[in-house]
Amino acid sequence: MRLIDADKAKAELLRIARDIHDCCGFYDGLKAGYQSAADRLDTMLVVEERKHGHWIEHSEHPIGDCSVCGERVPIYSGSKKYKICPYCGAKMDGKEGEEE
Ligand SMILES: [Zn+2]
């Protein structure tokens with residue numbers, strides 16, 4: 001997947017539509033096509049924003065459970081804790097007891 005900025009994409013499509021000749025037939029269709037595509041961007045599905053969570057640690061082992069998806073994983077890379085859950089992609093910067 002390649003994420004793009006839908007607002008900028010819409011502005012670009014509308015700019016292209018504006019630059020098309022105000023003429024007839026083919027150009028009218030082309031212009032309408034760009035405008036229609038630009039409007040369609042407003043109704044397309046949005047990728048869910050990344051969730052935030054924290055590691056629920058187990059004192060006896062260097063493992064933890066992701067507070068978002070619940071997967072149990074090794075949470076240390078050397079002496080540093082992983083900042084992203086490898087299963088659900090949640091950023092592990094949330095605070096204890098804090099959802100989302
Ligand atoms: Zn997770």
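1. A search of the whole structure, which is a predicted model, finds one disulfide. The bond joins Cys23 to Cys24, with an S to S distance of 2.4 Å. This pair qualifies because the cut-off for the two sulfur atoms is 2.5 Å. In general terms, a disulfide is a covalent bond between the sulfur atoms of two cysteines.

2. Cys88 has a relative accessible area of 35%, so Cys88 is partly exposed. Cys66 has 2% relative accessibility, so Cys66 counts as buried.

3. An open sheet is formed by three strands in the order 1-2-3, with antiparallel pairing. Strand 1 (55-57) and strand 3 (72-74) are the edge strands, each pairing on one side only. From one strand to the next, the twist averages 40 degrees.

4. Where does Cys66 sit in this sheet? Cys66 lies in strand 2 and is the bridge partner of Trp55. Strand 2 covers residues 63-66 and pairs with strand 1 in the antiparallel sense over three bridges. The buried cysteine, Cys66, is thus placed in the sheet by its bridge to Trp55.

Note on methods. Residues numbered from 1 in each chain as written. Predicted model: local features only at pLDDT ≥ 70, side-chain atom pairs only at ≥ 80, totals over all residues. Heavy atoms only, no water. Buried < 20%, exposed > 50% of the residue type's maximum accessible area, 1.4 Å probe, protein only. Pairing = 2+ DSSP bridges. Helix = DSSP H or I, 4+ residues; strand = E, 2+ residues; numbered from the N terminus. Axes fitted to C-alpha atoms, helices over the stretch in contact; angles between N-to-C directions.
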